Amino acid sequence: MISKKLHSIIIGILFLSAFPLYGIGSSLLVGSSSATLGLVLVLTNSVAVLTIGWILKLILTPYDKNVAIIYFMARLNEASLLAIYAIVVYNGADAQSAIYILYRISMIGLALGSLPLLRMLKNHQLISALLGWFGIIGYSCVFGGIVVDSLGYVDLGLLMMIPGALFEITFGVWFIVQGLPLEPNYESIV
């Protein structure tokens, strides 16, 4: 059995690893002699975000099964669409076209799926109200940034996504340092 502290550390590391895995991987996919490495990194990112969703689904189902499933489905959507993006770009598709559709849909799904999760975590006092609101505002900004970017305001869209990125970094560090205060019967849940 894995302890709740180890689960929290794993979740935190996965949150923090997603940025370099996707960021470096997607940049290597396009016109690089290291496209295979880029593919591996983006696919590893997909495994990381799916694992975040799976572990949190296991942990949070006793608190709110519907929210746990919604969040898992958002992470499954993200993992699947980003993996498809990597594969089609690796096989020669135009990266901008693939990003336009797949990346944006995955980020919209993540943002919308994360809002009920953060509300539930905040309401059950599993995270502080401040951290909960930071996440709600951050993911709302991700949603808004994707919409603005889709309307052609790429720089503004990217700027609007910064609070969401800062929240994910903060949340990752928080999981490593603090972790979720879970019930005593935690080990029987996962």
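Predicted model: local features only at pLDDT ≥ 70, side-chain atom pairs only at ≥ 80, totals over all residues.
## Helix α1 against helix α3

Helix α1 covers residues 4-29 and helix α3 covers residues 65-90; their axes come within 10 Å and cross at roughly 20°. That angle is under 35 degrees, so α1 and α3 are roughly parallel to each other.

The crossing of these two helices, α1 and α3, is left-handed. On the α1 side, the contact is made by Phe15, Tyr22, Ser26 and Leu29, while α3 brings Tyr71, Arg75, Leu82, Tyr85, Ala86, Val89 and Tyr90. Sorted by type, the residues of this α1 with α3 contact are nine nonpolar, one polar and one charged.

## A closer look at α1

Just after α1, have a look at Gly31, which takes a positive phi of about 55°.

## Helix α2 against helix α3

Helix α3 also pairs with helix α2, which spans residues 35-60: the axes of α2 and α3 come within 8 Å and cross at roughly 170°. Angles over 145 degrees count as roughly antiparallel, and therefore α2 and α3 are roughly antiparallel to each other. In the contact of α2 with α3, the residues divide into 21 nonpolar, four polar and three charged.

Technical notes. Residues numbered from 1 in each chain as written. Heavy atoms only, no water. Axes fitted to C-alpha atoms, helices over the stretch in contact; angles between N-to-C directions. Helix = DSSP H or I, 4+ residues; strand = E, 2+ residues; numbered from the N terminus. Parallel < 35°, antiparallel > 145°, perpendicular 65-115°, else oblique. Left-handed = near helix turned anticlockwise from the far one by under 90°. Contact = heavy atoms within 4.5 Å. Nonpolar A, V, L, I, M, F, W, Y, C, P; charged D, E, K, R; others polar.
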